[in-house]
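Please read the points below with the sequence and the model side by side. They are meant for a colleague who is meeting this structure for the first time.

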Amino acid sequence: MKRAVFMQRAIDLSRERMEAGRGGPFGAVIVKGRKIIAEGSNEVTSSNDPTAHAEISAIRAACAALGKFSLEGCEIYTSCEPCPMCLGAIYWARIARIYYGNTRVDAARIGFDDEFLYSEIMQPPERRKIPMSRMLEAEAREAFDAWERKPDKIRY
């Protein structure tokens, strides 16, 4: 299949699911070996889950379909440039390439403005809008120390 077919499916999902009342106008498909292995759409409002973005939904479905947490060798086609949360998830999933339709500027124009999040990420923790306070550092470090010693850990 040609890449345009995969992108068109992501765009179609964005519109179909939005018109069905599932969430915002965002869709994504994950492809491996020129075959769609998973689809996702924005379901934030229908699932009452602020993390239910199209890319996250597609990643979860792809990992379930493949039975593993790494999507190495996969590509994602998404109807819009990924937000910071989704971009982070795409990197954590080790997806090889991102194709997108609308830009984050296009998304901001219709009320989905992520610029605030991009600027927050660049701030030191103590200057972010949501207060952050470090606590129980020694106790938290013990869990990390135990991980370092764990002989059967699965790295990811």
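1. Arg-94 is partly exposed, with a relative accessible area of 33%; here buried means under 20% relative accessible area, exposed over 50%, and partly exposed in between, with a 1.4 Å probe and protein chains only. Arg-94 belongs to the loop between H4 and E4, where helices (H or I, at least four residues) and strands (E, at least two) are DSSP runs, numbered from the N terminus. Although Arg-94 is not a glycine, its phi is positive, about 65 degrees.

2. On the basis of these remarks, the model is a predicted one, in which local features need pLDDT of at least 70 and side-chain atom pairs count only at pLDDT 80 or more, while totals for chains, interfaces and linings use all residues. Residues are numbered from 1 along each chain as its sequence is written, and side-chain values use heavy atoms, with hydrogens and water left out.

3. Leu-136 sits in the loop between H6 and H7, and it counts as exposed because its relative accessibility is 54%.

4. Helix H4, which covers residues 84-93, has Pro-84, Cys-86, Ala-89, Ile-90 and Ala-93 as buried residues. The cover over them includes H3, E3, E4 and helix H6 (115-122), where contact means heavy atoms within 4.5 Å.

5. How far apart are the end C-alpha atoms of helix H1? They are 25 Å apart, which agrees with the 24 Å that the 17 residues of this helix (residues 3-19) should span at 1.5 Å a residue, the expected span being 1.5 Å times one less than the number of residues. In H1, the residues Phe-6, Met-7, Ala-10, Leu-13, Ser-14 and Arg-17 are buried. These residues cover an arc of only 115 degrees around the axis, which puts them on the same side of H1; the arc is that of the directions from the helix axis to the C-beta atoms. On the other side of H1, Ala-4, Arg-15 and Glu-19 are exposed. The buried residues of H1 are covered by elements including strand E1 (27-32), strand E2 (35-41), E3 and E4, and H1 is followed by Gly-21, whose phi is positive, near 80 degrees.

6. Helix H3 has 13 residues and reaches 18 Å from its first C-alpha to its last, close to the 18 Å expected at 1.5 Å a residue. Its buried residues are Ala-54, Glu-55, Ile-56, Ser-57, Ala-58, Ile-59, Ala-62 and Cys-63, and they pack against E1, E2, E3 and H4. Just after H3 comes Gly-67, with a positive phi of about 70 degrees.

7. Thr-78 has its place in strand E3 and counts as buried because its relative accessibility is 0%. A polar atom of the Thr-78 side chain lies 3.5 Å from the backbone oxygen of Gly-27. Leaving aside neighbours within four places in sequence, the residues in contact with Thr-78 include Met-7 and Ala-10, together with Glu-55, Ile-98 and Tyr-99.

8. How many aromatic pairs are there? The count comes to 4, under a rule by which rings of Phe, Tyr and Trp (its six-membered ring) pair if their centres lie within 6.5 Å, with planes under 30 degrees apart counted as stacked, over 60 as edge-to-face and the rest as tilted. Phe-69 and Tyr-156 form an edge-to-face pair, because their ring centres are 6.1 Å apart and their planes stand at 75 degrees. This pair links distant parts of the chain, 87 residues apart, with Phe-69 in the loop between helix H3 (54-66) and strand E3 (74-80) and Tyr-156 in the segment after helix H7 (137-149). Phe-69 counts as partly exposed at 44% relative accessibility, whereas Tyr-156, at 64%, counts as exposed.

9. Tyr-77 and Tyr-99 form a stacked aromatic pair, 4.6 Å centre to centre and with 10 degrees between the planes. Tyr-77 lies in strand E3 and Tyr-99 in strand E4 (residues 97-102), so the pair ties together parts that are 22 residues apart in sequence. Both Tyr-77 and Tyr-99 are buried, and together with Phe-6 they form one aromatic cluster.

Terms used. A polar contact is a pair of N or O atoms within 3.5 Å; within protein, one must be able to donate a hydrogen and the other to accept it, and residues adjacent in sequence count only if both atoms are side-chain atoms.
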